[in-house]
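Hi,

Here's the structure I promised to pass on. Have a look at it first, and then read my notes below.

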Amino acid sequence: MASNLPEIASDWALFLDLDGTLLDIAPRPDAVVVPLGLVDSLRGVAARLGGAAAIVSGRPVSDVDRFLAPLAMPGGFGHGTEIRLPGGAPTPSQAARTVPREWLDRLREAASGWPGVLVEPKPHGVAMHFRLAPEREAEVHGLMQRCASECEGYALLPAHMAFELRPTGASKALPVEVLMRHAPFGGRRPVFVGDDVTDEDGMEAARRHGGFGLHVGRDFQGGSAEVRAWLARGASA
């Protein structure tokens, strides 16, 4: 554990990324494993913070709820295109858009000729993974870049061995901004924990509200396993 890693405080509002932060990165998006005890730790931390714990993920809410069942935590999903308030149902945010069907057809056609390249459709975006075919990175990037250039409403983002198209107005800052206007998050010190470039937006939003960000690679020497241990300590404090 890094010596300067702060322990979870009772006045925090905690925003947690999923893949690479709570869960280890897997070769395929559908192959992640939810470690034993993670759901209990999340439940305990949420109780300690009076419910002010949220998941902010690039995945759709259906994936997150399936992995963390029976929890249905507040947060932002699909990079903020879906937001769930405490006790509410997930609803599309102002950033939500529908991915053009022709994009999916084009990406799937290309992937059919690139063994190991995977297309991951999302409700308001699409990702193309090359973890199983790293030699295809330049080709995947070029194809996704061409799609993004055809429509001003989407931006191209780098991810873990993948590239993703998301609506321009969507970011992980948006759920932080929205939830900090609602109880039990409002009035607390927001802390955003993530591992990827897309998480930097959420960390910056936390700083705007008087909080800070924790980066898995910089602040947790043991990676996502150390994040889970940190949560377990926070749940039992």
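"Buried" here means under 20% relative accessible area, with exposed being over 50% and partly exposed in between (1.4 Å probe, protein chains only). Strands are DSSP runs of E, at least two residues long, numbered from the N terminus. It's a predicted model, so local features need pLDDT of at least 70 and side-chain atom pairs count only at pLDDT 80 or more, while totals for chains, interfaces and linings use all residues. Residues are numbered from 1 along each chain as its sequence is written, and side-chain values use heavy atoms, leaving out hydrogens and water.

Let's start with strand S7 (residues 125-129). Gly125, Ala127 and His129 point one way and Val126 and Met128 the other, yet all are buried. In a regular strand, side chains alternate between the two faces of the sheet.

Who are its neighbours? Two strands pair if DSSP finds at least two bridges between them. S6 (residues 118-122) runs antiparallel to S7, joined by five bridges, and the two form a hairpin with two residues between them. Leu118 sits opposite His129. On to S9 (residues 162-167): this strand pairs with S7, also antiparallel, over four bridges, and Glu164 in S9 is the bridge partner of Ala127.

Now the linings. S8 (154-159) is among the elements giving two or more residues to the lining of the largest cavity, and S8 gives the most, three residues.

Enjoy!
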